[in-house]
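Please read the following report alongside the sequence and the coordinates. It treats the arrangement of domains, the core, the helices and the contact between the chains in turn.

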Amino acid sequence: MSGSKPESSSQPPSVQPEPDPDDFPGVPGFKNWRGIYIFVIAFFAVVVVLLTLFSQHYR
Amino acid sequence: MNTFDWVVLLGTMISIATYGAWHTRHTNHLDTYLKGSKTTKWGTIGISVMATQASAITFLSIPGQGFESGIGFVQNYFGLPLALIIVCAVFLPIYRKLGVYTAYEYLGNRFDAKTRLLGAGLFLLQRGLAAGVTIYAPAIILATVLGWRLDLTVIGIGVVVIVYTVTGGSEAVSLTQKWQMGIIFVGMVTAFLLLIARLPDGLGFNEAAHVAGAMGKLQAVDYSMDPEKRYTIWSGLFGGLFLSLSYFGTDQSQVQRYIGGAALREGRLGLMFNAVLKVPMQFFILLIGALLFVFYQFQPAPVFYNRVEWQRHVAGTHGAEFQAVEDKHAQLHAAKSEAIRAWLQVRHSTDAAAETAAREAMLAREAETQAVRQEAKDLLRARDPLAKIKDSDYIFIGFILSQMPHGAIGLLVAVMFAAALSSKAGELNALGTTSTIDLWRHFRPLAAHDERRNVRVAKWWTAVWGLVAIAFALFAGFAENLIEAINIIGSIFYGVVLGIFLVAFFVKWVGGTAVFWAAVISQTAIFAVYFLRLRFPVLDFSYLWYNVIGCTGCVLLSIILQLFLPRAPRKATAQ
């Protein structure tokens, strides 16, 4: 079903659930922990690539 | 070591231990004593996790590993980042929400008392057995090369760590580990820079790395699928994930480091700090070993690096035989140095054939010297069946003592002691905590309300485990390969314990009775495999597989047993 539901002023305003403070890592540039985990995996992948290049360079 | 070295060594070690004990001397709250300060930030937690894992053997043996086998050992840590992410996302939030002191307390919450006791018992057995080894391993090496008495070295390390660990508990452990890791970082960077400075003229880092690479020491990543190969990216990712998940997720010596802190965020960031830094750090330590190998290609190198052991035999009744092997090695080593210099000269030329010929000549000389080194070890074993023929642990400390300036020697020996104390402190802290929370309080539930009494009991247990470790190190005869001994002990128990935790977290419908008996059967099977391996060759496979067998056996058996058992009512958990 398409179309937007008209807002009724008689309805109580929808209450957003309180955000869980544990969901915010408090690290600049990261909104949630998933971002941190992806960064760690990406960093690890870069380290493996660099180690591979290092091995190939010095052989 | 001269007076200056002694001042550096004793000054750093005693001041850190005294600071830790003094700063935490009024710790009377159980929460602070067992979990550390509630204000601990992620940096301290991260360093504490790192310091607990990095023992003195890490800094004595791993450069030797880089020297002997190259830097491929770094792949063993490839499973660690993913394991730490799993611990962050699954294990840590549950531990914190339940407010447990130990990982095994969670098992009691999720299953029942007997499963909790089993988990705690397996941990105490495994860590208790390893406790003696972790104090003996650095002591035997340091006592040998420094000419100290082994018993006094063991007692010295043990008493210092007992004093501040008993006094301040987990808070003192984290506090001292921060400073000890500072000493370790400064010491290892100093060693690296001095090593580069000691290379022959005209041989900088780049040329030295080319020599190491040409000699097969810088193969960091091996994509081979050959199961015969010991270190590959696949064994590192798979086996490393398994081992790291067991160690960081279920071993109380690690769990205790990160469950405290100001908030969940601090523990998580502390673990992510390790997930990012651990692989580069291990690479750096291995690289020091590979560069040490290059250094000794241009120096008169010993045929056997445990010089005390070797000289004892040279001075003995078969001294002439040992001297002959030493002389033969010296000649071949000199020829190898020439071959390496010849290769370096043609390396930049456009004559590919000349480069290939020089490289092959260099590798041939290397194979000859390695053969003589093996001949020396065979001779040692033939003349003295009790002789310790593994000398790679003595390479780095030998370099420190013979090549470094005074002051730096004291600093680097302090690195070894700092690592020994920091890992030992984490271990004792965990043994004391588990004994108090999972054993003593279980059998004396009424005592749980008397906080001061709990702290006193935790202090006593910590001291008892420290004394057990010292006694074990003084009176037990250990296997020569101590790292392997620790790994074997760990692998025998880790798999089953991880299996129990995986069922707890991920197979919600399995109850305590099923997982308890599955764990007992799996652990018995692992013991049987271990003790019967010499009688039945089919069972004589790598001990790393004990982890896989123990874990999968425990998980599968739990599920199968639960099918035949009545469903237990769900206990309240944090999920």
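In this predicted model, the C-alpha centres of domain 1 of chain B and domain 2 of chain B lie 36 Å apart. The bounds, which come from an automatic or database domain assignment, are 3-297 + 400-564 for domain 1 of chain B and 307-385 for domain 2 of chain B. Eight residues from domain 1 of chain B and 10 residues from domain 2 of chain B make up the contact, where two residues are in contact if their C-beta atoms, placed from the backbone, lie within 7 Å. On the side of domain 1 of chain B that touches domain 2 of chain B, the elements giving two or more residues are α7 (113-146) and α9 (205-214) of chain B, and α9(B) gives the most, with four residues. Helices here (H or I, at least four residues) and strands (E, at least two) are DSSP runs, numbered from the N terminus. By class, that side of domain 1 of chain B holds four nonpolar, three polar and one charged residues; Ala, Val, Leu, Ile, Met, Phe, Trp, Tyr, Cys and Pro count as nonpolar, Asp, Glu, Lys and Arg as charged, and the others, Gly among them, as polar.

Residues are numbered from 1 along each chain as its sequence is written, while chains are lettered from A and ligands numbered from 1 in the order in which they are written. Since the model is predicted, local features need pLDDT of at least 70 and side-chain atom pairs count only at pLDDT 80 or more, whereas totals for chains, interfaces and linings use all residues.

The largest nonpolar core has 182 residues, of which L84(B), L291(B), L292(B), A414(B), V415(B), M416(B) and I500(B) touch the most other members. Such a core is a set of buried Ala, Val, Leu, Ile, Met, Phe, Trp, Tyr and Cys residues joined through C-beta atoms within 7 Å. Domain 1 and domain 2 of chain B both give residues to this core, so the core lies between them. Leaving aside its neighbours within four places in sequence, A414(B) is in contact with V8(B), L9(B), T12(B), M13(B), I183(B) and G187(B).

| Helix | Residues | Length | C-alpha span | Expected span |
|---|---|---|---|---|
| α1(A) | 33-57 | 25 residues | 36 Å | 36 Å |
| α3(B) | 42-53 | 12 residues | 17 Å | 16 Å |
| α18(B) | 451-475 | 25 residues | 36 Å | 36 Å |

Helix α3(B) is mostly covered, with 11 of its 12 residues buried; a residue is buried if 20 or more other C-beta atoms lie within 10 Å of its own, exposed if 12 or fewer, and partly exposed in between. The buried residues of α3(B) pack against α8 (150-198), α11 (252-258), α12 and α17 (408-443) of chain B. In α18(B), the buried residues include W461(B), W465(B) and F472(B), and the cover over the buried residues of this helix includes α2, α7, α8 and α17 of chain B.

The secondary structure of chain A comes to one helix and zero strands, and 10% of the 59 residues of chain A count as buried. In α1(A), the buried residues are W33(A), I36(A), Y37(A), V40(A) and L51(A), and the buried residues of α1(A) pack against α5 (80-98) and α12 of chain B. W33(A) is buried, with 22 other C-beta atoms within 10 Å, and, not counting residues up to four places away in sequence, W33(A) touches D23(A), P25(A) and R268(B). How many residues does each chain give to the contact? The contact takes 18 residues from chain A and 21 residues from chain B, and the side of chain A that touches chain B divides into 13 nonpolar, three polar and two charged residues.

As for confidence, the model scores ipTM 0.87 and pTM 0.87. Chain B averages a pLDDT (the predictor's confidence in each residue, from 0 to 100) of 87, with 97% of the residues scoring at least 70.

Note on methods:
Expected span 1.5 Å × (residues − 1).
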